Amino acid sequence: MVSIHDHWINSKSVAPKDGARIARYSPADGRLIANSAAGTAQDVRQAVAVARNAFERGPWTSMSGAERGERLVRLADLMQRNLEALATVEAEEAGKPIVAARMEMGIAITLTRYAASLAWNIAGRLLTQGGPGKLGLVIQEPRGVAGLIVAWNYPVLCLMQKLPYALAAGCAVVIKPSELTAGTTLMIARMASEVGIPEGQINVVIGTGEVVGEALTSDPGVDMISFTGSSRVGKRVAAKCAAAGKHCSLELGGKGANIIFADADIDGAVEATYLGFTFNKGEECCSSARILVERTVAPIVTEKLVARCRKARIGMPLDEHTDFGPMIHAQHMARVLEYIAKAKAEGAHLITGGAQLRDGSLAGGSFLPPTLFDLVTPGMTVFREEIFGPVACIVPFDSTEEAIRLANDTEYGLANGVWTSNIDKALAVVSRLRSGMVYVNTYFETLPQLPLGGLKASGTGHENGPEGLQEFLQTRSAFIRSKTSP
């Protein structure tokens, strides 16, 4: 069955103005699975006008934070009841194993509940020490209409790191999901209407970044942009927002390092390192694609990691036994294979993987096994550039200083990992790694209360935690005299 994905504007399905559509084929077997609206600038203008009207006149902004929070809890409950349906669409469109899609839904639901709790606690400040008859008032208020641009690798998780926080703050939103993975965004928008989030508060326009993304970023009716995507596009979004005086929050690319010291739990480090560069087929901005290993244990870590890579259960997304699915589409697969060829040409040694799988049931899809290189130097492309696939390089080091230098030798600063049984060493390294997130003796594990944000080319602003709510709030001040000023 082929799904039809239209825009969602003012709580109604809206066909694209010119009737144009984008075909989405399964990354696993090439079947046509969805026909999505190919949005235009006119579709964006319509959605922004509706969102602006909802923000200025609708009831959502004037509701108490507690009431907004209650409706977000209802949304989380409805998502929980429909978890399997959401996970199935996510697995098929994004090409991820159904077990991973379920996990993503669970995290998204938790984030929605957490954002709901924050809505209860939005507060300004009252300053009373200015002198007799003088008061200072600090006011926290929603920024207005927020444009949410969501990536294809985690369609629901990326969305719910933005949407519930924007709604908790009182904003109205226009969402641009990826044209490849719009199904779950539309499902959640419909659920929001069912639980009493008012008409026009959530709008969805599907289309390409070149058309819909550009129009949304440029529209004067949009007060802020929250963007997840590549650093290249993020720089363009930032420049356009700066020119228009708009606030923007950017969650961009990464080239994480996982530092394994000789005193680490080697088996635990190997398993987490494997997941660190293969989870979601490596289509992950926090991927630990640079594996830095203390030289004395590098041979055993390499041996164990290769063995783990060769145990990957690669298969169809809806197969309960699959833990490694297809890449998002053939064009992205070709791009990753070019990186692999370039690594070999530059002198890196391919240890395992590296070629597309074309046998049996996998022949019709974009399947690439876990791929590892060694004999890699910091000047090589495989060490420096974000590949966004299941490709990693192993680089030995001889001292803590060298490990830190290698980890920081990148334009990115999103996430890194540290493995050691020495807590003093761990804390010392954490303090010197230039990344927004550092995992210690784990990878990808976090809490909704912890903000996620990047340094350097990995972005600006934060998602999750109280800081995630703050992105959608602006601060104003008032000075008050109880009597007329002389």
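Predicted model: local features only at pLDDT ≥ 70, side-chain atom pairs only at ≥ 80, totals over all residues.
We begin with the aromatic rings. A pair of aromatic rings is described by the distance between the centres and the angle between the planes. Across the whole structure, a search finds 7 aromatic pairs. In one of them, the ring centres of Trp152 and Phe388 lie 5.5 Å apart while their planes stand at 85°, and because an angle over 60 degrees counts as edge-to-face, this pair is given that description. The pair also links distant parts of the chain, since Trp152 belongs to the loop between strand S8 (145–149) and helix H5 (155–160), whereas Phe388 belongs to the loop between helix H13 (381–384) and strand S17 (391–397), and the two residues are 236 residues apart. Phe388 has a relative accessibility of 17% and therefore counts as buried, the cut-off being under 20%.

Another edge-to-face pair is made by Tyr274 and Phe277, so described because their planes meet at 80°, with the ring centres 6.4 Å apart. Here both partners lie in helix H10 (residues 266–278), where they are separated by 3 residues, about one turn of the helix. Tyr274 and Phe277 are both buried.

Aromatic residues also gather in a group, for Phe279, Tyr439, Tyr443 and Phe444 form one aromatic cluster.

We turn next to the salt bridges, of which the count comes to 24. One of them joins the side chains of Asp223 and Arg52, with 2.4 Å from N to O. This pair, too, links distant parts of the chain, as Asp223 sits in the loop between helix H8 (209–218) and strand S11 (224–228) and Arg52 sits in helix H1 (residues 41–57), 171 residues apart. Are these two partners buried or partly exposed? Asp223, at 27% relative accessibility, counts as partly exposed, and Arg52, with a relative accessible area of 21%, is partly exposed as well.

Other salt bridges have buried partners. Glu179 forms a salt bridge with Lys176, their closest N and O atoms being 3.7 Å apart, and Lys176 is buried, with a relative accessible area of 5%. In the salt bridge between Glu283 and Lys281 the closest N and O atoms are 3.0 Å apart, and both of these residues are buried. Finally, salt bridges that share partners join Asp29, Arg31 and Glu92 into one network.

How values were computed:
Residues numbered from 1 in each chain as written. Heavy atoms only, no water. Phe/Tyr/Trp six-rings, centres within 6.5 Å; stacked < 30°, edge-to-face > 60°. Helix = DSSP H or I, 4+ residues; strand = E, 2+ residues; numbered from the N terminus. Buried < 20%, exposed > 50% of the residue type's maximum accessible area, 1.4 Å probe, protein only. Salt bridge = Lys/Arg side-chain N within 4 Å of Asp/Glu carboxyl O.
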